[in-house]
Amino acid sequence: MKKPKIINNSDDLPTSALSRRKFITMTGAGLAVLSFPMSSAFAFEGKKQLASPKIVWLLLRGALDSLHTIVPTFDQQYKTLRPKLSTSFKSPLLPLEKGFALHPSLKNLHQWYQEKSLLPVVAVYSGYPKRSHFDGQDYLESGKGEIDHDSGWLARAIEVKNKRALAVSRSTPISLRSSDQVNTWYPSNLKDADEDIYAALDKLYQNDESLRASLESGLQVRGLVGDKKGKKKKRQGKFIDLSKACAKLMVGEQGVDCAMLELGGWDTHKNQGTRLDRNLAELDQGLAALKSGLGEEWRNTVVIVGTEFGRTAKENGTGGTDHGTGSALFLAGGAVNGGKVQGNWPGLKAEELFQQRDLMPTTNSFSWIANVLSQHWHFTEQELKLVFPHVKPYNQAIIRS
Amino acid sequence: MSENSMSSTIISRANIAVNRFGYGARGDELAQAEKDPKQWVESQLKPIKFNGDFPHSNTILIEHAKYQKEKKRQKKQQRKNSQSRNMQDKKKAKNFSRIALRNMSADTINQAIASSNSVSWRLLDFFSNHFSVTAHGLLMVGLSATLEREAIAPHLLGNFEDMLMAVEQHPGMLIYLNNEKSFGPNSRMAKKHKKGLNENLAREIMELHTLGVDGGYSQTDVIELAKGITGWSVKRPGKERGEGFVFRAYGHEPGARKLLGKTYSQKGIAQGSQMLRDLAMHPATAKHVCYKLAHHFVSQNPPASLLKEMQATWLKTHGNINAVMRCLFDADDAWLNSTQKYKTPREFVISTLRALSLKKYNDKALLSTLINLGQQPFNAGSPAGYSDDELDWLGASALMARIDWSTMVSGYSKRVNAEKVMSRALGSSVSELSYRSVLRAESSQQALTLLLMSPEFQRR
């Protein structure tokens, strides 16, 4: 494609300034480039391979109730433990193998399961021994067997493989801390300024390299994900919009290798039936938007969906569940060797539960993620130790070869 | 920092006094500072006193205990279905903490905006971030804003040792870093209830609050300090009499401790107290805190000679913060005549509102602005606090948000004359380019936006 020629004939403007014309070209989609002005460590030229395997890490904050998401319909105890919740589904469950079934809101995920690009893993946990959301999330993001607020497993992974990441967040979440190859993007609910002001600022920043670089990079990102002009102000940061934007920032020659998304609202102590109908639909539609945004890249993508811990096996007195232990993990994407349910089912009888209360975890989330890294990003065992010093990877064929 | 990140414009000493050391000029402060910039800065160091308009941490602890009790009671009664009034009580108690946090966060910022000694407010913010706590979980939502008011402000111009002691005994810090439930493995408490040691607070005291990560301590030292402060806890209202800090002797690890080569054979609370006093006066602490002060107030790379003088003053004056700050203001190295740092979102917002003297800015808008710009009060998410580095604030997304916000506040200030604001905020320390851009802007709103987003206003 031929680049549009930039005409700068205004003698009022120094040559470094943006003309209005260049400006519009820059903010328009297509030409835009996501650059990382603050990071000197990057070498863009010639490094990029066409089929670079991508990873999206989605953290469900608040502890997803896995028993209401991947329902063990075969387990005799299930209905006894959850008389209300087990009858709260508004339409039929979506069948998986071994008698498991997906929540009816997860239509797209079920479709992917049938296409063998979804792999649910039951009864997992991070190793975090308690039940505090914040510590549990920090633990899952640190990935070291202890909480480290300044270093995350995904950051360590991209450092090893010299990859670039994007956090769809206002500031860098723990998962991506300790690498300088991370950029952040998040829609602000401030109204966008007029284009004139950007052009004027670009001129004003001609002697200030770092302000100028950030401005141009900011305009490029905004051009890619589209601005809000003309639209009525809606709720900012809807998951489906964040997913769409995330996909846009991952595709194309300068797309990032991996991204992190977050979605909250899973702490369902009450009215769980209604809330999860809605939340799981939001999750399902967001992931579908991510897939369609990634287009061809979906084939090279693994989306890892995790949560800090599970919830009680028994429903509580307010139509919900309380903080528990074992939960679930989803691997989704064209690169995933799915269509099965992974993990060992511990059973729901009182003596099979953890502390007679929670789903007993039988496998470790980090070992599954390490399994993904070794097959999808070709980590050696030595390299994996830098990411997860405390666990051994599983060795299942979970990625298509 | 790379040289090209600095503006080459020469900035006056009065500008430095007001913008580098304070929160920017309000009214005619720049003119006042012109007579004797150094004297003006030194006269800015005044104690900060908070009045009693907002709940004390003890009140928050009581309200929280009530909330927990009500929650428990409701859980028991759930099947009886008579809960509508109590639900409201529960909600009220829950909101109590949120409202306290919102009001106190906004009050600190509003006072900094209105203050005629903004240098002291910068210093308060520095130490509040040095001893950073995050409002995660309902109890910390309530407590986090009380720490700077109750433990930091009273010692702002006093000895660091006293500030350290007040902070480490404050319920906000004890609960944030889990020391309230840390008990010695050989204490009576541990034997009876199977409770154990939690190293969290001890580690952060050495790594962040005093010696610094390279301060020469080992994992053994962390455990020794953790044992030394076992039993430093917080009373549980409703379950025991009184509120606030309590030393639980039955949870304290018995025996002598050895920290950084020195033996502490004191009994009870005296053991941990002496450890903290020694840590406060340790040369590594002088080095660590003086570096952070100079890095915050002066430059990304503070000159070695400045650091040396500050450390010497620290050790000579028993860590007197007032004396150390005067030493900083006294040093020629602190007055480098080009801008040295990029303002944090908080500094940018406060200095903007001081420059504009905007009246209609309400608390909700103020806090939402800081959320959008990435520096929500008491939400750093790590005990290390918010970053003080340009690299972490000058990201693309962050800059775009600043531009959007500047445009918005400029829209509120249509009658404001940008040239006049520029002259009051920056004086003559403006590049030809910025000056012309502001004067030639197509509207007064655009002129003001350009001024606020100019390198001279963004940097200090």
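This is a predicted model: local features need pLDDT of at least 70, side-chain atom pairs count only at pLDDT 80 or more; totals for chains, interfaces and linings use all residues.
Residues are numbered from 1 along each chain as its sequence is written, and chains are lettered from A and ligands numbered from 1 in the order in which they are written.

**Stop 1: the domains.** Select 55–189 plus 242–387 of chain A for domain 1, then 190–232 for domain 2; these bounds come from an automatic or database domain assignment. Their centres, taken over C-alpha atoms, are 35 Å apart.

**Stop 2: the sheet.** Now look for eight strands of chain A in an open, mixed sheet, ordered β7-β6-β8-β1-β9-β10-β5-β11. Helices (H or I, at least four residues) and strands (E, at least two) are DSSP runs, numbered from the N terminus, and two strands pair if DSSP finds at least two bridges between them. At the edges sit β7 (182–185) and β11 (363–364) of chain A, each pairing on one side only.

**Stop 3: strand β6.** Select 165–168 in chain A. β6(A) runs parallel to β7(A), with four bridges, and parallel to β8(A), with three bridges. Click A:Leu166: opposite stand A:Asn183 in β7(A) and A:Ala259 in β8(A).

Which way do the residues point? A:Ala165 and A:Ala167 go one way from β6(A), A:Leu166 and A:Val168 the other. In a regular strand, side chains alternate between the two faces of the sheet. All four of these residues are buried (20 or more other C-beta atoms within 10 Å of a residue's own; exposed is 12 or fewer, partly exposed in between; C-beta atoms placed from the backbone).

**Stop 4: strands β9 and β10.** Show 301–307 and 327–332 of chain A: these strands run antiparallel, joined by three bridges. A:Ile304 stands opposite A:Leu331.

**Stop 5: two helices.** Axes are lines fitted to C-alpha atoms, for helices over the stretch in contact, with angles from 0 to 180 degrees between N-to-C directions.

**Stop 6: A:Ala165.** Among the residues A:Ala165 touches are A:Leu154, A:Ile158 and A:Val182 (contact: C-beta atoms, placed from the backbone, within 7 Å).

Terms used: Two residues are in contact if their C-beta atoms, placed from the backbone, lie within 7 Å. Lists of a residue's contacts leave out its neighbours within four places in sequence.
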